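Here is a short briefing for a first look. Start with the display, then read the points by topic.

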Amino acid sequence: MKVGKEGIVGAMAALDAWEKRDHAGIRVRETGSLTLWMARLQGVAGVSARLEPDPTRNPLDRLRLAVDPERAGITAWDLADALASGDPPVIVRDHEVEHGFFYLDPCNLHPGEAEIVADRIVRELERARTRPPGRPSSAVERNARRFQRLLAWPD
């Protein structure tokens, strides 16, 4: 494989932009989002939130949102799916959702979006508590639904 001049110039531009980036300002904005989420979710029945540093040692934190399905009326995977399919969609880091938690990552948010994320989570949790009790889906059922959606993906 050959590296073209466009790839080299693109890499140089990315390194230049990274060097000029306001890293401290971005960290302050991300911390503000995390603080907002912690405050909005504190005391909400069935969920617990805590900050965790990035496991790859990048200079950022994430919010780990654990869901107790008995108290919240919804599983972590059903909450993640409801957030993703709602309006506006909120996509969470759900790669460990079968363990009852997911992560909120503030690094790609634009101004005002942290509030939207908090509102959506609170709204979905309120919906879960007010709907008639039913059987929550299992992680196996959730994975089957996701697999079926992938099979139906347009070409």
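Arg-27 is partly exposed, at 30% relative accessible area. In this predicted model, its side chain meets that of Asp-61 in a salt bridge, 3.4 Å from N to O. The pair links distant parts of the chain: Arg-27 is in helix α2 and Asp-61 in strand β2, 34 residues apart.

**Other salt bridges**

- The whole structure holds 10 salt bridges.
- Asp-119 and Arg-40 form one of them, at 2.8 Å from N to O.
- Asp-119 sits in helix α5 and Arg-40 in helix α2, so this pair ties together parts 79 residues apart in sequence.
- Asp-119 is partly exposed at 35% relative accessibility, and Arg-40 is partly exposed at 32%.
- Arg-93 and Asp-105 also meet in a salt bridge, at 2.8 Å from N to O.
- Arg-93 is in the loop between α4 and β3, while Asp-105 is in the loop between β3 and α5.
- Arg-93 is partly exposed at 34%; Asp-105 counts as buried because its 18% is under the 20% cut-off.
- A network of salt bridges links Asp-54, Arg-62, Arg-93 and Asp-105.

**Helix α5**

**Arg-120**

- Arg-120 lies in helix α5 and is buried, at 1% relative accessible area.
- The side chain of Arg-120 reaches the backbone oxygen of Pro-88 at 2.3 Å.
- Arg-120 is also in contact with residues including Ala-82, Leu-83 and Val-90.

Key
Residues numbered from 1 in each chain as written. Predicted model: local features only at pLDDT ≥ 70, side-chain atom pairs only at ≥ 80, totals over all residues. Heavy atoms only, no water. Helix = DSSP H or I, 4+ residues; strand = E, 2+ residues; numbered from the N terminus. Buried < 20%, exposed > 50% of the residue type's maximum accessible area, 1.4 Å probe, protein only. Polar contact = N/O pair within 3.5 Å; in protein donor to acceptor, adjacent residues only side chain to side chain. Contact = heavy atoms within 4.5 Å. Salt bridge = Lys/Arg side-chain N within 4 Å of Asp/Glu carboxyl O. Lists of a residue's contacts leave out its neighbours within four places in sequence.
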